[in-house]
Amino acid sequence: MRLIAILTVLFASLIAWSPSVSAKDWKVIRFGVDPSYPPFESKAPDGSLVGFDIDLGNALCAKLNAKCVWVENDFDGMIPALQARKIDAVLSDMSVTEKRLQQIDFTNKISYSPTRMVAKAGSNLQPTAQSLRGKHIGVEQGTIQETYANTYFAPNGVNVVSYQNQDQVYADLKSGRLEASLQDEAQASVGFLKTPEGQGFEFCGPELNDSKILGSAAAIGLRKGDVDLKNALNNALADLLKDGRYQKIAKKYFDFNIYGD
Amino acid sequence: MLFEGYGRLLWNGTLETIQLSLLSLLLAFVIGLLGAAAKLSRHRWLSLAATVYTTLIRGVPDLVLMLLLYYSFQDWLNRLTDAFNLQQIDIDPFLAGICVLGFIYGAYFTETFRGGVLAVPKGQLEAAAAYGLTPWQVFRRILFPQMMRFALPGISNNWQVILKATALVSIIGLHEVVRAAQDAITGTSSKGAYHAFFFLSVAGMIYLVLTTLSNLVFIALEQRYSVGIRKPEL
Amino acid sequence: MIELIKQYWQQYLFGTPAHPTGLVITLWLTVASLGLGFVLAVPLAVAKASTNRWLSIPVSVYAYVIRGTPLYVQLLLLYSGMYSLDAVRSTPVLSSFFRDAFNCTILAFTLNTAAYTTEIFAGAIKATSRGEIEAARAYGMSGLTLYRCIILPSALRRALPAYSNEVILMLHATTLAATATVPDLLKVARNASSDYYLPFVAYGIAAVLYLCISFALIWLFRRAERRWLAYLR
């Protein structure tokens, strides 16, 4: 009897204490990021996050007078995390594809980098099923490159191996477990080939084009329905592009135009 | 430098592991007591619910459960708070890890405590009731101390499993020891070295130290709870 | 949800002949690791239960280290760690062995289950009643016959309940294979989840499948107990 009384009081107070629903004013924006993709996002030895996406996100927040909170998450768990409202936006070099647009929304383009294959120098491999038949190609779980490889390579006798994050792909590429890997071109160039790690490896074959699977550009992922956040971010982005701050940030990491045309 | 500058990260990861394990242990302990009470209760529906809970949890691998609950937990909580028009309660990864580990190992603790309670002679509880002790007093003074003696091996076992399960939590993104070691490996690999074997061995060593310390604690606890019991002469 | 099941059901269960995935791989990993672990554990348990310090102490140390560290760390060590050593990469036999993710995984699982199984069997061997051993020696049985006819049959029977627990735990442990890129059931669930963004459905299907196998294994062990532990009923 007493128990029931206590429960009822608790229940009633819970309902009574509910604040009215108001439009969310974005004072704190939680960005989801997978810091295994230098120079877009990576971890410094002291544990802090560094990279192009990090700087861009911080600049956007500054423009919006909001606080940026960076939440680390595996790439293939980004969209579920977004939908579960663990994060408010995905800023992790995520490309805009039809399939993703069915689940979430995107801002305008923040960068563009095509997909390209990396292999050992002189191996003469091409990013085609015939050339890779019987070989192992590494991709990161949840990326468009994984979808591409599973669509075009896996059914034709190529071993597509998916890894939890990009570092593990490079680790196995270096050790010889993989003959090739498929990832974002800018990331491979700056984050691997130009480092001492990437000695002896090179791009093999041309940039891959498939607008359905590989999408057209990278943007910030948002929940469908967060239209006010989308507009706010788009406006802030346009401002950064106009006043040159975007270019300044980009120049820190890339010696070419990462925005594309 | 001994750890190539990643010593601090590894140390923080170790602390995180210990915190995570202890808090999960606490939650699992409480859930286990409640679950054992439910399983041993007179009400059929309670014991049935508890049986379903333990069977499901022990029949499904903990990694699958972790991934399942990690995303669903927040989602359900959101729906709950939405239904009541409340502010969304945010579960950060650490709290999520504790909830998930506590929930999963609560099932194992339920079985441990159930066995422990069944091993306490019924006469003790009857005598306590005859003396007029309230149920809570019976639990605190009579049942719990005696049950602990029987449950202690099971508890120590489950504790070790929880400690090692925190390594799996790195897969859902927590910064404990294994993740710290992996970060260290990636960090040093960009400098041209690849100390995978070294850092992973360090992580293994840390776990070994933790389990050894736990063993010592449990030996001490066993001595405390076995006061007054004569060991059988073999 | 229906599309997810329609697209992935085959991968969940057996994949393609050229590229098996899912349930088949999980079962194969479980059976292989348990079989090899069992074969390894029997002599190790005999060594651990022996009074000869030179035999029992190394085995105890091995079991202690394996039981004191997480399987995940052991797997990573054998998969990432071993292959990063120059000594391993320069020896052709070792290099080709550790190159294959499958080999590393089975090796890690085997060593792990062998350690736990050794503890179980050693405990059961030590619990053999003195009277049986005295009688066997009175009959003139020497070491090997003693173990083969008297100690091992009764010890293995005694260990059956605890071993059934270990078998279930091994089944659960195979989910780690996904982190070493082996395409087991959990990996397929991850693929499905990241493809359709329905984590609850994707992992739920995997959970149901694991539950079914666990129940099947428990049923198998109940039958085994009814047969081999009939003298206890």
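The following dialogue explains how to read several features of this predicted model.

Biologist: What kind of model is this, and how are its parts numbered?

Modeller: This is a predicted model, in which local features need pLDDT of at least 70 and side-chain atom pairs count only at pLDDT 80 or more, while totals for chains, interfaces and linings use all residues. Residues are numbered from 1 along each chain as its sequence is written, and chains are lettered from A and ligands numbered from 1 in the order in which they are written.

Biologist: How many helices and strands does chain B have?

Modeller: Helices (H or I, at least four residues) and strands (E, at least two) are DSSP runs, numbered from the N terminus. In chain B there are 8 helices and 0 strands, and the pattern along the sequence reads α-α-α-α-α-α-α-α.

Biologist: What share of chain B is buried?

Modeller: A residue is buried if 20 or more other C-beta atoms lie within 10 Å of its own, exposed if 12 or fewer, and partly exposed in between, with C-beta atoms placed from the backbone. Of the 234 residues in chain B, 41% count as buried. Contacts are a separate matter: two residues are in contact if their C-beta atoms, placed from the backbone, lie within 7 Å. Among the contacts in chain B with a separation of 6 or more, 76% come from residues 24 or more positions apart.

Biologist: What span does helix H2 of chain B reach, and which of its residues are buried?

Modeller: The expected span of a helix is 1.5 Å times one less than its number of residues. Helix H2 (residues 44-59) of chain B has 16 residues and reaches 22 Å from its first C-alpha to its last, close to the 22 Å expected. Its buried residues are Ala50(B), Thr54(B), Arg58(B) and Gly59(B).

Biologist: Why do the buried residues of H2(B) line one face of the helix?

Modeller: An α-helix has 3.6 residues a turn, so residues three or four places apart point the same way. Viewed down the axis of H2(B), the buried residues fall within an arc of 145°, so they line one face; the arc is that of the directions from the helix axis to the C-beta atoms. On the other side, Trp45(B), Leu48(B) and Val52(B) are exposed. The cover over the buried residues of H2(B) includes helix H1 (7-39) and helix H4 (93-119) of chain B, together with H12 of chain C.

Biologist: How many residues does each side give to the contact between chain C and chain B?

Modeller: Chain C gives 28 residues to the contact and chain B gives 26 residues. On the chain C side, helix H3 (53-68), helix H4 (71-84) and helix H12 (199-228) each supply at least two residues, and H12(C) gives the most, with 10 residues. For classes, Ala, Val, Leu, Ile, Met, Phe, Trp, Tyr, Cys and Pro count as nonpolar, Asp, Glu, Lys and Arg as charged, and the others, Gly among them, as polar. The side of chain C that touches chain B has 18 nonpolar, 10 polar and no charged residues.

Biologist: Into which domains is chain A divided?

Modeller: Domain bounds come from an automatic or database domain assignment. Chain A is divided into domain 1 (25-112 + 217-253) and domain 2 (115-214), whose C-alpha centres lie 25 Å apart. In this chain, 14 residues of domain 1 are in contact with 16 residues of domain 2. Strand E2 (36-37) and strand E6 (89-95) of chain A give two or more residues to the domain 1 side, whose residues divide into 6 nonpolar, 3 polar and 5 charged.

Biologist: Which strands are joined to E6(A) by bridges?

Modeller: Two strands pair if DSSP finds at least two bridges between them. Strand E1 (residues 28-33) of chain A runs parallel to E6(A), with 2 bridges, and Gly32(A) stands opposite Val90(A). Strand E13 (residues 218-222) of chain A runs antiparallel to E6(A), with 4 bridges, and Val90(A) stands opposite Gly221(A) there. E6(A) is mostly covered, with 7 of its 7 residues buried.

Biologist: Where does Thr181(C) lie, and is Thr181(C) buried or exposed?

Modeller: Thr181(C) lies in the loop between helix H10 (160-173) and helix H11 (185-196) of chain C. Its phi is near 65°, a positive value in a residue other than glycine. Thr181(C) counts as buried because 25 C-beta neighbours lie inside 10 Å.
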